[in-house]
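Hi,

Here is the structure I promised to pass on. Have a look at it first, and then read my notes below.

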Amino acid sequence: MHAHLRAARRLTGILAITLLAACAADPPRPAPTSTADPAPAEGDAARDELAALAAAAQDRHLTATYTFTNGDGPDRTITVTSANDGSWRVDVPGWGQGGTVDVSLVATADGLFQCALPSAGSPAPAGCVRLGDPDDAVPRKLDPKVQHPFTDWLEVLTDRRAPLAVSPASPPVGATGECYSVETTSASLNAPLDVGIYCYRPDGTPTAVRAAFGTLKLAGEPGPAPATVQLAGPVTEGDPVGREAPSPTDSASPTTP
């Protein structure tokens, strides 16, 4: 009986060794492949479409008016001129000195300018102040922001390296065009543009923008572009118009005898 037990144990050991050898000889199984698309195809397509429309907008020279709504007072009409030589001008009513002075931002080959237009708070003839070179940024305290969607933000929208996430979106109420929601993917405090909704016609005409500064919507059909833009008035050595209303001490400062 002991002999039979020893034989059975020996047979079990031989079978175990054989099975281990067989398992070691089996080739490794290939890793399972995924049929899911590794890239967000819809997001990439939307990014490409928006970049193409923004590039068309850079080449789209026109004169157009936009209804501007920002919840601060009544709607205003913004006039945008993009000239054939690359110069541009954006007129912003009711921006300066507590909403009493109309201003114009202009970029020509001679520089970047802010002009004060004849208005309720500035009955004098128009005059302009040079803010810097044509490609300089408008100082933050002088920046109405409404010019950005027609100027430097177009460069960001065409740059595939910019930290943006783009997806199709519905137009703001009363607007038309192909619209895209734009978010920033960077944690930087200095975002390259305002997040929001950007809308264009196929020819690159901006039809609407909804961002932190408010909402712009194309009003009527754009007109032809001039060869170049003109300053609203002569360039002076005075100070640019600020956003805030002047304090009583500013307006009643004593004169030097």
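**The pocket, then the salt bridges**

The lining of the largest pocket divides into 20 nonpolar, 11 polar and 12 charged residues; here Ala, Val, Leu, Ile, Met, Phe, Trp, Tyr, Cys and Pro count as nonpolar, Asp, Glu, Lys and Arg as charged, and the others, Gly among them, as polar. Keep in mind that this is a predicted model: local features need pLDDT of at least 70 and side-chain atom pairs count only at pLDDT 80 or more, while totals for chains, interfaces and linings use all residues. Residues are numbered from 1 along each chain as its sequence is written, and side-chain values use heavy atoms, with hydrogens and water left out.

The space in that largest pocket comes to about 1100 Å³. Of its 43 lining residues, Gln147, His148, Thr151, Asp152 and Trp153 are the closest to the centre. Elements giving two or more residues to the lining are helices H2 (41–58) and H3 (152–158), along with strands S1 (62–69), S2 (76–82), S3 (88–96) and S4 (101–108). (Pocket: on a 1 Å grid over the protein atoms alone, an open set of points where a 1.4 Å probe fits, with protein on both sides within 12 Å along at least five of seven lines; lining residues have an atom within 4 Å of a point. Volume: the space filled by probe spheres set on the points, which are joined across faces, edges and corners. Helices, H or I of at least four residues, and strands, E of at least two, are DSSP runs numbered from the N terminus.)

Now the salt bridges: the count is 8, taking a side-chain nitrogen of Lys or Arg within 4 Å of a carboxyl oxygen of Asp or Glu. One of them joins aspartate 48 and arginine 160, at 2.0 Å from N to O. Aspartate 48 sits in helix H2 and arginine 160 in the loop between H3 and strand S7 (164–169), so this pair ties together parts 112 residues apart in sequence. Aspartate 48 is partly exposed at 40% relative accessible area, and arginine 160 is partly exposed at 42% (buried is under 20%, exposed over 50%, partly exposed in between, with a 1.4 Å probe and protein chains only).

Aspartate 203 also forms a salt bridge, with arginine 60, their closest N and O atoms being 3.5 Å apart. That pair links distant parts of the chain, 143 residues apart: aspartate 203 is in the loop between strands S9 (196–200) and S10 (206–211), and arginine 60 in the loop between H2 and S1.

Enjoy!
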